[in-house]
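Work through the exercises below with the structure in view. Try each task before reading its solution.

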Amino acid sequence: MARPRKFDEEQVLRAVRDQFWDAGYAATSLEDLMRVSGLGKGSLYGAFGDKRQLFLRALRSYNETSCGYLRDMLSSTPRALDALRAFLAAPVNDPGGAAARRGCLMANSTYELATTDPDVLAEARRTYETTTSLVAECVARAQDEGDMPGDADPIETARALLVAQQGLVFMGRTGLDIDKLTVTAHTLTAQLLPGA
């Protein structure tokens, strides 16, 4: 009879997610994963599989959490246009710039692995399509509220906003000064969102 696990899987996933997020996949060793999780190799791999499986599970968990947060934020903001502004400006929300330098785990992982790992590429496509759909629903709501042109295609507008936001994420990872990055975010907002 198998012994019950004596650790919190979600807590372990968060710890290894943060390790992968800060160091990247290739630079994260088994020793790093054991250190941050507090588990030995047998327990870690017994529960989650090898390093790649653990990474994919942590990445999927991150994406599901992020999409849930985005869904809640976009639908709960009283005016859709304000929600779209918040979405676009999210990479510059930390005035110190630490979050901008850290980037987004999905974006970082896409850059590092999408050309060599079909599962990461599939996860990126799934996540970005989900994000596009959520933002498109918000664009349609902004159109209904009279804040965006009714003839704009919600999917294409959402994709443009996502590309702009991910560009900010990428530039934040380069260490671009947060004040300059914030000015760029304001410029993008003014160009992509009417009345912003």
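**Exercise 1. Describe how helices α4 and α7 meet.**

Step 1. Take the axes, which are lines fitted to C-alpha atoms over the stretch in contact, with angles from 0 to 180 degrees between N-to-C directions. The axes of α4 (residues 51-76) and α7 (residues 105-113) come within 10 Å and cross at roughly 140 degrees.

Step 2. Classify the angle. Under 35 degrees is roughly parallel, over 145 roughly antiparallel, 65 to 115 roughly perpendicular, and the rest oblique. So α4 is oblique to α7.

Step 3. List the contacts (heavy atoms within 4.5 Å). From α4 come Phe55, Leu59, Tyr62 and Asn63; from α7 come Leu105, Met106, Ser109 and Leu113.

Step 4. Sort these residues. Ala, Val, Leu, Ile, Met, Phe, Trp, Tyr, Cys and Pro are nonpolar, Asp, Glu, Lys and Arg are charged, and the others, Gly among them, are polar. The contact of α4 with α7 has six nonpolar, two polar and no charged residues.

This is a predicted model: local features need pLDDT of at least 70, side-chain atom pairs count only at pLDDT 80 or more, and totals for chains, interfaces and linings use all residues. Residues are numbered from 1 along each chain as its sequence is written, and side-chain values use heavy atoms, leaving out hydrogens and water.

**Exercise 2. Find the buried and exposed residues of α2.**

Step 1. Apply the cut-offs: buried is under 20% relative accessible area, exposed over 50%, partly exposed in between (1.4 Å probe, protein chains only). In α2 (residues 30-37), Leu30, Asp32, Leu33 and Ser37 are buried.

Step 2. Look down the axis of α2. The buried residues fall within an arc of 160 degrees, so they line one face of the helix. The arc is taken from the directions from the helix axis to the C-beta atoms.

Step 3. Turn to the face away from the buried side of α2. Glu31 and Arg35 are exposed there.

Step 4. Find the partners. The buried residues of α2 pack against α1 (9-23), α3 (41-48) and α4.

Step 5. Check what follows. Just after α2, glycine 38 has a positive phi of about 75 degrees.

**Exercise 3. Which residues touch the most other members of the largest nonpolar core?**

Step 1. Define the core: buried Ala, Val, Leu, Ile, Met, Phe, Trp, Tyr and Cys residues joined through side-chain atoms within 4.5 Å.

Step 2. Pick out the residues. The largest core has 28 residues, and Leu74, Leu84, Phe87, Val135 and Leu161 touch the most other members.

Step 3. Name the elements. Those giving two or more residues to this core are α4, α5 (80-89), α8 (118-144), α9 (154-173) and α10 (178-192).

Step 4. Follow one residue. Beyond its neighbours within four places in sequence, leucine 161 contacts Leu84, Phe87, Leu88, Val135, Val139, Leu192 and Leu193.

Step 5. Look elsewhere. A second, separate core of 26 residues includes Phe48, Leu56, Ala58 and Val169.

**Exercise 4. Is threonine 131 buried or exposed?**

Step 1. Read its area. Threonine 131 has a relative accessible area of 8%, so it is buried.

Step 2. List its contacts. Not counting residues up to four places away in sequence, threonine 131 touches Cys67, Leu70, Phe87 and Leu162.

Notes. Helix = DSSP H or I, 4+ residues; strand = E, 2+ residues; numbered from the N terminus.
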